[in-house]
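Try each task before you read its solution.

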Amino acid sequence: MTQSKETKDRNDLRKLPMMPIRDMVIFPYMMTPFVVGRESSVRALEEALNGDRKIFLATQHDARVDEPKADDIYTVGTIGNIVQSVKMPDGNIKVLVEGLERARAVELNDSDGFFVATVRTGKTDLEINAQVEQLTQRVTSLFEQYVKLQQSLNYETMIAAVRTDEPSKLADTIAANLQLEIPEKQELLDIFDPAERLLRVADVLDVEIEKLNMDRSIQSRVKRQMERAQKEYYLNEKIKAIQKELGRGEKNEFDDLKKKIETAGMPKDVQEKAIQELKKLEAMPPMSAESTVSRNYLDWLLAVPWKKKSKETRSIDRAEKVLNEDHYGLEKIKERILEFLAVRQLVKNPKGSILCFVGPPGVGKTSLGMSIAKATGRKFVRMSLGGVRDEAEIRGHRRTYIGALPGQIIQSMKKAGTKNPVFMLDEVDKMASDFRGDPSSALLEVLDPEQNSSFQDHYLDVEYDLSEVLFVATANVLHTIPPALQDRMEVLRLHGYTEAEKLEIAKQYLLKKQRENTGLTDKNVVFTDDAIVEIIRSYTREAGVRNLEREIGNICRKVARRVVKQGAKHKEELTAENVNEFLGVPKFRDSQVHEKSEVGLVTGLAWTEVGGSILPAEVQILDGKGKLTLTGQLGDVMQESAQAALSYIRSRANHLGLPRDFYRNVDIHVHVPEGAIPKDGPSAGITMATALASALAKIPVRRDIAMTGEITLRGKVLPIGGLKEKLLAAHRAGIFEAILPKDNEKDLAELPENLKSAMKLNFVDSMDEVLHLALEGPLPELKEEEPATLANVPPPTTIAPEQRPHQ
């Protein structure tokens with residue numbers, strides 16, 4: 001390659017070998033050493049050395065690019081003179097280059113493996129005047145300030161370098177020594193006009209001096225803080241030595257507290273708060289009230305489990321065995337618990353589940369929670385919410401109050417000692433609210449798997465993770481639980497037990513437990529099946545088994561007294577005949593059903609908070625003027641059901657053999673016994689309609705049949721709830737046939753097999769079918785001009801029992 005000859009015209013074009021430079025910008029008047037290693041750069045260097053030793057040096061946009069293209073290189077660079085070049089042992093070449101003048105690459109060509117640049121120099125003459133001299137002095141003064149603040153530059157060397165009368169050289173020398181980023185330095189190199197370049201350098205120096213002053217101020221502040229910390233450390237060490245001489249151990253106690261905080265496994269923010277509280281405690285007089293408050297707070301922070309967990313047992317077989325040992329029946333509940341354990345095996349960090357067991361008292365809700373803890377190997381804690389009406393019971397009081405404590409949630413977690421216990425919230429339906437807040441609203445966060453990982457107690461005032469806790473709530477009813485709280489729980493219903501289930505529970509669990517509680521053995525007291533059935537029928541009337549257990553315990557205590565009197569070998573055998581010797585006169589008759597079929601007397605079925613019960617309804621027809629009287633503490637819905645039943649009877653007067661205006665000459669009295677007990681709900685509609693029809697038509701109602709269902713004005717029978725509990729009540733009362741709404745036929749799946757096989761269930765759509773089944777005699781003969789609708793009523797759907805018990 002033949003290099004063009006340099007001409008006198010400074011703006012002429014010339015071709016020079018070009019070398020891309022990384023991580024630096026080379027200015028004119030600047031002596032710069034660097035190492036050349038890239039093959040293309042070595043070739044460009046050799047070409048320059050073979051010619052007039054001139055080379056064009058331009059900076060890369062990105063230093064990481066090994067083989068830059070023309071677009072990767074800034075167009076403005078510096079023409080340099082190669083002062084010295086030394087080949088190193090590793091093959092690289094170390095060169096020393098002196099910058100001569102800035103130039104702009106008009107064209108870049110890649111020839112023979114290196115770049116050749118066609119450059120145009122752009123020297124601009126500057127006329128020296130008063131304004132330029134003033135600007136030069138200002139820039140020199142600013143640079144002196146900069147060098148004083150920038151400790152990495154040698155003051156004498158830098159001041160000597162800028163002693164020049166040439167403004168262009170001054171600007172380039174200062175620009176070359178400023179601690180700037182590559183794009184900022186390149187911006188200064190791009191300015192060809194010396195006056196403009198001086199102004200730009202002055203602006204940059206102003207900014208850099210301000211930054212350095214700010215850095216120095218921050219460093220000074222940090223230094224003062226470090227000196228203060230050293231002073232405090234010295235004084236603390238001196239206090240420690242004085243206390244040691246006085247024989248006081250407070251400091252050792254503080255060290256122990258600090259060590260406990262560091263090893264408690266707290267989250268970082270909680271640990272920082274605890275350390276901060278500890279420092280405040282150290283500065284307080286030991287006997288002050290504030291010191292006691294602070295110490296109690298630290299004790300609570302340390303007492304709550306932050307990382308300790310129970311080793312969870314995830315064996316489904318073992319869990320199934322434990323559940324079957326502890327509880328009889330409850331198949332759906334057990335199945336759900338085993339599903340929960342199965343998910344725990346497949347998912348590493350599953351979200352906590354919140355189960356809510358809803359059912360009448362005594363069916364085993366609380367003991368089921370204990371069994372879950374036993375089956376999973378977790379700790380068990382229980383919190384009773386019955387009567388809780390203060391939000392602080394859940395979230396605690398703030399430390400500003402005297403005697404403040406954490407809420408029951410945190411206290412129970414401390415009691416459990418692990419962060420993954422089974423936590424039972426008992427009687428969640430018994431909460432109330434008043435001016436002190438609504439505790440059910442505070443539970444919304446606790447029982448939400450999406451939120452309870454950051455539960456905040458008012459006393460602790462830090463986030464606590466409840467996401468690994470298995471919450472189990474219990475309730476007798478759902479309607480008193482706020483909908484938002486219900487939505488956060490998975491509701492599992494526990495129904496009442498049948499007589500056969502109670503017998504098995506007594507034999508497998510209750511007898512053994514009560515014998516152990518009273519110190520007896522199976523050689524001292526023996527219960528026959530007939531004796532247990534007699535206790536169930538004559539001495540208890542409940543959906544669960546709590547009273548049954550109580551009566552068995554009552555018998556065992558009386559036997560224990562006889563054993564103490566007559567010797568350890570004394571034995572009592574309980575039979576149906578001698579139970580009354582121990583329990584006295586039976587509390588309930590064997591059957592609550594009325595003794596004979598009567599006109600206007602019907603057996604209905606009702607649901608209560610403690611299970612199902614039978615609900616007799618009676619109607620009396622009196623001479624009068626069409627007045628309807630309702631007694632027995634009936635709620636609004638039940639009163640409306642009675643009025644709807646009467647409207648239906650009036651619409652069917654002809655079919656009942658009644659004159660159309662029969663109601664004008666009679667008063668009708670509807671009464672539901674047990675008047676002290678409030679009753680409400682629509683499910684007694686067909687019961688009252690049947691009683692009205694029977695009383696008006698003077699036809700007795702079958703004594704051995706019970707019924708439940710809502711009635712419409714047109715005589716349609718609508719579905720009801722609580723089917724299982726109502727049928728259990730009928731079964732307990734000795735009624736083995738029932739009339740039920742057709743739409744409740746789907747609920748048969750929830751009934752136990754022994755209940756379905758023992759009862760005859762009739763599913764009906766209309767009131768005509770109800771009367772056809774319930775009345776003992778046929779309705780009066782219809783008149784000829786009236787349509788014979790009742791005679792054409794299709795027979796109702798009937799499910800006959802496999803084996804009907806003796807009534």
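**Exercise 1.** Work out which elements the buried residues of helix 11 pack against.

*Solution.* Start with the residues themselves: Ile333, Lys334, Arg336, Ile337, Leu338, Phe340, Leu341 and Arg344 are the buried ones (buried is under 20% relative accessible area, exposed over 50%, partly exposed in between, with a 1.4 Å probe and protein chains only). Next, look for contacts, meaning heavy atoms within 4.5 Å. You'll find helix 10 (316–326), helix 12 (365–376), strand 7 (354–358), strand 12 (470–475) and strand 13 (490–493). Helices (H or I, at least four residues) and strands (E, at least two) are DSSP runs, numbered from the N terminus.

A quick note on the model: it's predicted, so local features need pLDDT of at least 70 and side-chain atom pairs 80 or more, while totals for chains, interfaces and linings use all residues. Residues are numbered from 1 along each chain as its sequence is written, and side-chain values use heavy atoms, leaving out hydrogens and water.

**Exercise 2.** Decide whether isoleucine 218 is buried, partly exposed or exposed.

*Solution.* First find isoleucine 218 in helix 6 (residues 194–246). Its relative accessibility is 40%, so it counts as partly exposed.
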